[in-house]
Amino acid sequence: MIRAAVLGAAGYIGGELLRLLINHPQVDVVAATSRTLQGRQIDGVHPNLRHRTKLTFSSEERLPRCEVLFLATPHRETMRRMPEFLTKSGVVIDLSGDFRLHDTEVYEEYYGTPHEAPDLIPTFTQGLPEHHRAALRTADRISVPGCMATAGILSLSPLAAAGLITGDVTVDARTGSSGSGAKAGAENLHAERSGALRVFAPTKHRHEAEIAQATGHTVRMSATGVEAVRGVQLLSRATLADGVDERAIRSAYRTRYADEPFVRIVAARRGLHRFPDAKILSGSNFCDIGFALDRGASTVTVIAALDNLVKGGAGNAVQCMNVRFGEPEERGLEFTGLHPN
Amino acid sequence: MQETLIAPECPECDAAVPLGTDARVSEIVECPECRLELEIESVQPPRLLLAPEVEEDWGE
């Protein structure tokens, strides 16, 4: 059994990690920490885990030695305390934004603060098995990409790598409210959120830097909060390179993702569900990717969807753990989503 | 499960379209990728065509 612990387990990502790890047949969850809820039952905050665990929240100071430590801690604090976290476990999987960007100047530009542990950045492997599977098999420090970044990287990188698109990429992202975290704020009041299409980042969303880093293209990204609780959907537009047609785009995706268990190409010509929709992906670890060319075939619109808490966070982290510990990659992540829901 | 004999390419998206051992000319199958309806034009050699759209016949 893999002894696992979750730091920052009271939040939505922490709760999703616990859901997946508690149900994982090869994992023993030895600790789930919270600063404010020490001693309380975990299912008081995460009621979906009732009768599935007797764990209580513990303090970080009493963290037992474990084989894998998941960090669902806030950015800034995570980089500040990373040297301490690294002594607690052989493998650390970080879900904060602090070790995703390689360039400290870019980090400061997007996070508004200088990086406090720049020497540690190159020691982290990006936690995206579809791109870094070989490195993840031996990686002891793993940084999981942001939810919208994961959708953007998975959907755009095959086209970028094959030279099928050129120039800047425009990304329009929509996200559910769980992406804002479990802390109350005026923006998450029901009266403010319900029915809203709130453009909270008209330009320069943080995840645009991650997509740019992975694809090599300049990315211009906006993000809108929508009515959903879970789910992310990205519509990206790019200019096609000379001579690129629909067959080339489809072939690039087919070749790149033919053997990937959690990436599906969804670009049907018929039917109700022709393109990726986050609604049917709730609770699943899939990222669905679709595309369409405009009439003159000069630009491509790429559609990507995932559950922000699963493939966009906790599920992707568990997938990384499976790769690192030699488990079958789909173990504990088999849930297919619900329809209708 | 029906045994797959051959898997000709979809004329629209190039995906492999599995045909059972009992496939017959003129049957309609669905491409597993782009989901278009395809007509089996020939079994040996295997060949698929885009199926014709349903048309109004005005009762004739």
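Two residues are taken to be in contact if their C-beta atoms, placed from the backbone, lie within 7 Å. By that rule, nine residues of chain A are in contact with six residues of chain B. This is a predicted model, in which local features need pLDDT of at least 70 and side-chain atom pairs count only at pLDDT 80 or more, while totals for chains, interfaces and linings use all residues. Residues are numbered from 1 along each chain as its sequence is written, and chains are lettered from A in the order in which they are written.

On the side of chain A that touches chain B, the largest share, three residues, comes from helix H8 (residues 246–257) of chain A, helices being DSSP runs of H or I with at least four residues, numbered from the N terminus.

Within chain A, the axes of H5(A) and helix H9 (residues 310–324) come within 8 Å and cross at roughly 95 degrees, the axes being lines fitted to C-alpha atoms over the stretch in contact, with angles from 0 to 180 degrees between N-to-C directions. H5(A) is therefore roughly perpendicular to H9(A), a label for angles of 65 to 115 degrees. The contact joins A:Cys147, A:Thr150 and A:Ala151 of H5(A) to A:Lys311, A:Gly312, A:Gly313 and A:Asn316 of H9(A).

Definitions and conventions:
Helices (H or I, at least four residues) and strands (E, at least two) are DSSP runs, numbered from the N terminus. Angles under 35 degrees count as roughly parallel, over 145 as roughly antiparallel, 65 to 115 as roughly perpendicular and the rest as oblique.
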